[in-house]
Amino acid sequence: EFYQPSTSNARKREIETNLLAFKSQPEAWQLCLRVATASDITENQFLWFFSTSTLEHTITRRWTQLTSTDKTLLRETLWNSYAQLGATPNVAKRHRDTLAQLIALLGKREFPEQDPNYMQHCMELTKTRFQLGINLLKITSEEVVSNRGDLTTEWKQYFYSCISMCVPDVLDLVTKYLLIAVCHINGKDIQTTIPNTLMDFSLTSALPNDNQLSSSILDLLGCVQHLVSWIRTELISEYFLMSILDLSQWRQAHEPISLAALSVLNELLYLQKPLPFPGPLMGGVTSLLEQHNNNRRQSEMYSDKFRELLRLYTTKYAGKLMQEPDLLETFLNLLYSCTTELHGALDFTEKLEIWTPIIKGIAQQPAKITRYNNVLTQLVDEIMRRTQFEANKPELEVLDNELMEDDTTATEWQQFLDQCFESLALLANTRGAHIVFAQVYNHWSRPQMYLLSLEHALDHGSARSYEAARKLKGANVGEILRDFATVCQAVVRLAPLMDSSAAAPGVADEMECQLQMLSDSLLQTLQLLASNRLYSGGSEMDKATFQTDLDNLYAQVLLAMRSIFPLTKAMSGEELLHRLFAILGSIFACNGSLTAASPIVQQAASELLLFISTVI
């Protein structure tokens, strides 16, 4: 009646009042117990939910008021009803979980004093009605760490310690089921694959290889995931760990199982405590990475969860990997292949996070850098390639260059660049700033030469001017300008690391030479941008977009000048300063022959002038 459309609000309030009054009656739970354990609950679902809610209220709020006979009746009736669910096809998960929750709440109050066989009954039920038993073990595990305020802290701790004593037996049981699951999934014969000393073959009848296998394994992995979140990790066996690693492999026909197994691994790696068997674990993750690289048809959900696994793994095991150089070399080569896959800019920056702990670990052992130098060199080139429209337009053009709605002041595009450049800086600290700087500077020549060719055309009459206009129209000059501005930003990030005063003599000379070459290129580019001649070529383009890209490049060149100014003697020469001041003066000029520079350019020029005034 309550949920009928014709029932008025006043009648609904009356029904609610009556139900609450009934719920508070001391004997109400007895009627509710009969309704909750009735064989057919489909006639009135709402009555069933009200009845189970009343039983939960009785257990959690009125438990001390029940007699021992009442408690026994409640326990035995719920257990018998729950055990019978296994014989009922297509039992609703909500129905199953609700009864299991009530039984677990009883167990939390009675084990081990009034119901010493509670955990044994859970495990025995798993052997006869697998999905019911494993579900009850999971919900019991949840109650172990529940913060529900219906019991004293002392009793919760006592219950925790008592259940903990049963964990070895529980883990032994679930490990056997994991081994059975691995055999079924891989199509292997259990009796010839698993040694007799490890397996109770009578358990196979509880986990048959039938049409319920996938859902049964998912229930098993769900229970395992919660157990490992709180148990002592030293109780985990090698067979347990290797079974989870096997089930974590991508299997298109069993994707949910692969995802659930990865969730178990991630849960383990999130733990702030050591895990047993690091060798098999590290070898297993490397094998998963190799399989990932060889199979390009994995779902997006699997790829996301696997990427999370790699990030957690390198964070936790970077130190141990450094102790296994052969394994680390193999892992880095596989990780590089994984990183170069084109799955979007966000995917790439998240993969760069996977590298961070390992790069830091290599930096702490300079003697070992040579062994991994090749893959780290490739990584620098890949980072720069992924930031350039020339090489990576499909990924970059979908990044939003408008300010995001949250509290950040950086656009999605700028956040992507910042993350890439932080990885470059980390690599520079590890391999040597001058080495990484040389790789980054290799990307400077293409966009600069394009702009200089335009300048050359504009300097040589109408025919050349026509050629310049044709270039502006035919090429995506906006992308070239953006690539140039990106390289400038990379230079700005690396510049503070190019301190020749703290470098070895040979390295210091190389740094000074690199900075001299960069300062000449910057001044040459700055003179071209200050001449305003490139603006004349934009008449047939989207002027607003062209102007924005050009202004951004102008500002980035000025910021690059500021970043290297204190690092090289070339920047403090009198002739260079005169040329630089003339350019800066033109930026702020506003007369008939010159157009005032945009605010972003004026801001960058102001910062450069202010900085120069403090150091000369």
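Visitor: At what angle do helix α26 and helix α27 pack?
Guide: In this predicted model, α26 covers residues 574-588 and α27 covers residues 599-615. Their axes lie 10 Å apart. The angle at which the two helices pack is about 140 degrees.

Visitor: Which word describes how α26 lies to α27?
Guide: The packing angle is about 140 degrees. Angles over 145 degrees count as roughly antiparallel and those from 65 to 115 as roughly perpendicular. The angle therefore makes α26, relative to α27, oblique.

Visitor: Is the crossing of α26 and α27 left-handed or right-handed?
Guide: Handedness is a further description of this pair of helices. Where α26 passes α27, the crossing is left-handed.

Visitor: How many charged residues are in the contact of α26 with α27?
Guide: From α26 come Leu 580, Phe 581, Leu 584, Ile 587 and Phe 588. They meet residues of α27 including Val 601, Gln 602, Ser 606 and Leu 609. Of the residues in this contact, 10 are nonpolar and two are polar. The number of charged residues is none.

Visitor: Is Ser 423 buried or exposed?
Guide: Ser 423 sits in helix α19, residues 412-431. Leaving aside neighbours within four places in sequence, Ser 423 is in contact with Leu 352 and Ile 383. Its relative accessibility is 11%, and under 20% is the cut-off, so Ser 423 counts as buried.

Visitor: Which element has the lowest mean pLDDT?
Guide: The protein averages a pLDDT of 88, and 91% of the residues score at least 70. Among the elements, helix α12 (residues 255-270) has the highest mean, 98. The lowest mean, 52, belongs to residues 461-474, helix α22.

Notes. Residues are numbered from 1 along each chain as its sequence is written. This is a predicted model: local features need pLDDT of at least 70, side-chain atom pairs count only at pLDDT 80 or more; totals for chains, interfaces and linings use all residues. Side-chain values use heavy atoms; hydrogens and water are left out. Axes are lines fitted to C-alpha atoms, for helices over the stretch in contact, and angles run from 0 to 180 degrees between N-to-C directions. Helices (H or I, at least four residues) and strands (E, at least two) are DSSP runs, numbered from the N terminus. Angles under 35 degrees count as roughly parallel, over 145 as roughly antiparallel, 65 to 115 as roughly perpendicular and the rest as oblique. A crossing is left-handed if the near helix is turned anticlockwise from the far one by less than a right angle, and right-handed if clockwise. Contact means heavy atoms within 4.5 Å. Ala, Val, Leu, Ile, Met, Phe, Trp, Tyr, Cys and Pro count as nonpolar, Asp, Glu, Lys and Arg as charged, and the others, Gly among them, as polar. Buried means under 20% relative accessible area, exposed over 50%, partly exposed in between (1.4 Å probe, protein chains only). pLDDT is the predictor's confidence in each residue, from 0 to 100.
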